[in-house]
Amino acid sequence: MKQPILFFTLFLINALMSVGAVEPRLAEIFQDHMVLQQGKPVTVWGWADPGTPVQVAFAGQVVKGTAGENGRWQLALTPLQASAEGAALTVNMGSQSVVREDVVVGEVWIAAGQSNMNHTGPDKPTGLYPHYQSPGTAGGKPSIRFRRFGGGASLEPLEDVAEVSRDSGAWEVVQEPLTDTNLSRYFARILRDELELPIGIVQVAVSGTNQGAWMSRETLEQFPGKDGSNFYEQLLNDHSEKLAKKGKNIKSWEAYKQAEAAWLETREGRYPGRGTTFANFPTALYNSRVHPLAPFAVRGVIWHQGEGGPGGPYGERLVAMAKQWRDLFGQDFAFIWGTLTRSTDHLPPLEPQPTWFYRSGTNISIREAEGLFADDPATTMVEFYDIGDQDTHFYQKAEAGRRMALAAMDRVYGQPQVYSGPLMREVQVNGGKATVVWDRVAEGLRYEPSLEGVSGFYIKGKSGEYRWAKVALDGKDGVILSHPEVAEIAELGYAVNQNPHETLFNSAGFPASPFRWNMGRIPWSGHSKSEWLTFQPGTPQKTGISMTHVRREGVVFQMVKGRKTPDGLRVGLQMKLSPEWKNPAVLLEGEPLKFEVQEQEGTKVALFDVSVDNSWIVVGEGDQVAELNKIRRF
């Protein structure tokens with residue numbers, strides 16, 4: 001009997017030597033104050049020496065297992081009941097015990113994407129959208145828990161977070177009331193209030209990153225690249241060549257990893273992987289932030305990304321990415337994404353002139369993903385176009401979070417909500433008449449012509465110019481378009497501008513999503529042929545005009561003070577007055593502002609001076625400006 005025992009002992013020693021001594025530890029996501037997902041199996045995992053007995057105890061459950069040959073162990077708690085009362089999660093790995101305190105059970109969501117998922121915005125009323133106000137924890141609501149997860153970048157999938165982001169501490173118990181925070185916390189606030197449950201947010205978003213960084217290699221390889229390569233190879237080559245040409249001290253991925261290893265030995269000086277250079281390599285964030293999080297139990301993912309591209313079939317890639325994440329986690333979780341936003345440093349045109357800018361093409365593909373998910377009930381797109389401003393990093397994060405939360409309540413939690421505006425379903429063209437049918441109309445469509453009666457719908461025949469279409473509502477969900485000078489419609493669209501007119505709404509007040517049908521090449525960016533609000537001749541133009549709200553009865557805009565705008569700068573403005581305004585008026589921060597009316601080439605123009613200090617100006621029909629002054633679409 002001694003020979004088999006000796007053989008087994010030698011085998012065990014050899015196995016341990018091949019794996020190396022494994023420090024007993026829990027996966028990084030398991031920390032004090034965390035939230036575990038209710039109602040589905042909860043996997044707990046970590047590492048210890050092969051063969052080490054492991055026991056996990058929580059909420060009256062005790063599960064046991066053994067670390068595998070590679071040192072990893074993984075145990076599952078049966079579905080948990082929600083509880084806002086903190087309890088201990090105790091894990092014994094051999095003789096070592098790890099305890100995580102104040103662990104609650106509720107709903108857990110991953111927040112992923114780029115900067116607009118990270119950047120903050122104020123919680124203040126817009127005067128247009130409902131301003132959500134929460135009783136918060138002071139009003140007896142459960143807490144919101146928040147955790148930033150992951151770090152570094154990797155071209156290979158990591159089993160746990162990179163060493164650079166290990167031991168990053170407990171989950172944050174979010175302090176309320178929320179005053180200036182990010183989209184995901186605003187999202188969590190509404191879920192918490194409506195469900196009366198603790199909400200956990202795992203924030204993996206990284207600012208300035210592209211879609212390819214968040215996808216697995218296998219998923220990227222499904223898409224074609226240029227010159228016969230696949231998309232993964234294309235992105236890897238593109239980023240490698242860019243780094244070789246423009247990198248300063250580090251000119252290759254291998255050099256980055258060598259510099260990172262040297263830095264980890266001392267952790268002195270600047271981390272060599274700061275910024276987005278390496279985070280934007282294909283798969284770099286999937287490998288370092290998503291893969292190490294699986295198979296953590298979650299209810300869903302909220303996603304906002306696209307400003308960083310890359311171009312091409314973004315929507316198809318988004319669907320493939322979401323499905324692969326689900327496979328990785330072994331969970332059919334929800335996936336909710338938002339569109340990119342408008343740019344209010346442009347004016348909605350008075351003449352029918354469609355325009356294009358860098359977010360336009362990606363937005364088309366983002367909206368197409370809604371249909372590509374087919375009948376998947378736990379996925380949906382949320383329209384953000386109308387909540388944009390003059391900045392890529394739009395400020396209305398509270399409204400964005402509210403819409404995503406309403407989408408989750410509707411699609412995931414079975415509480416019907418209206419969370420977005422009308423979305424084009426189909427276009428039917430018959431000669432000079434087109435019928436556009438819409439989804440997401442709630443109780444029905446509402447049409448309101450804009451400034452000077454502009455319809456906001458573009459229409460064009462086989463030749464000639466674009467026209468503003470004539471609009472007639474057709475039942476609850478239809479719009480009929482025509483124009484007396486277009487006998488056969490060849491192209492049409494709605495809101496095809498950086499900052500479009502908003503004329504079609506559902507009964508909940510959400511404006512319709514832009515769409516194009518058969519439209520040809522559209523001019524890139526550029527301003528309108530006949531600007532209706534400009535600086536007076538000789539005025540220093542070291543400022544921006546943010547035209548946030550345009551309606552038939554008047555407009556609301558802001559004089560944006562930039563970083564280089566000198567203090568005390570005053571500028572002269574001139575604005576075309578709508579012929580429909582019989583008694584025009586101008587308000588500056590709610591107070592009447594003196595203005596001069598001149599006639600220029602048969603058009604009445606108002607001239608007035610304002611300071612460039614982020615002040616708000618309203619111009620419109622005299623008996624309407626007081627109501628318009630309540631609107632602050634910051």
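Me: In which strand is A112 found?
Reply: The model is a predicted one. Within it, A112 belongs to a strand that covers residues 96–113. That element is strand 8.

Me: Is A112 buried or exposed?
Reply: The cut-off for a buried residue is a relative accessible area under 20%. A112 has a relative accessibility of 0%, so A112 counts as buried.

Me: Which residues does A112 touch, not counting residues up to four places away in sequence?
Reply: Contact here requires heavy atoms within 4.5 Å. With residues up to four places away left out, the partners of A112 are M117, V204, A205, I302, W303, H304 and W325.

Me: What separates the C-alpha atoms of A112 and R289?
Reply: Along the chain, A112 and R289 are 177 residues apart.

Me: Which residues have the most contacts inside the largest nonpolar core?
Reply: The largest nonpolar core holds 74 residues. Its largest share, eight residues, is supplied by helix 8, residues 314–329. The residues with the most contacts inside this core are F30, W73, F296, W303 and W325.

Me: Which residues does W325 touch, not counting residues up to four places away in sequence?
Reply: W325 is listed among the residues with the most contacts inside the largest nonpolar core. Beyond four places in sequence, W325 touches A112, W214, Y286, V290, V301, W303 and F333.

Me: How far apart in space are Y271 and E596, C-alpha to C-alpha?
Reply: In sequence, Y271 and E596 are 325 residues apart. Their C-alpha to C-alpha distance is 58 Å.

Me: Why is the protein described as compact as a globular protein of its length?
Reply: The protein contains eleven helices and 35 strands. For 634 residues the globule rule gives 26 Å, and the protein is as compact as a globular protein of that length because its radius of gyration is close to this value, at 28 Å.

Me: What percentage of the residues in the protein is buried?
Reply: The count is taken over 634 residues. The buried share is 56%.

Notes: Residues are numbered from 1 along each chain as its sequence is written. This is a predicted model: local features need pLDDT of at least 70, side-chain atom pairs count only at pLDDT 80 or more; totals for chains, interfaces and linings use all residues. Side-chain values use heavy atoms; hydrogens and water are left out. Helices (H or I, at least four residues) and strands (E, at least two) are DSSP runs, numbered from the N terminus. The radius of gyration is taken over C-alpha atoms; the globule rule is 2.2 Å times the number of residues to the power 0.38. Buried means under 20% relative accessible area, exposed over 50%, partly exposed in between (1.4 Å probe, protein chains only). A nonpolar core is a set of buried Ala, Val, Leu, Ile, Met, Phe, Trp, Tyr and Cys residues joined through side-chain atoms within 4.5 Å.
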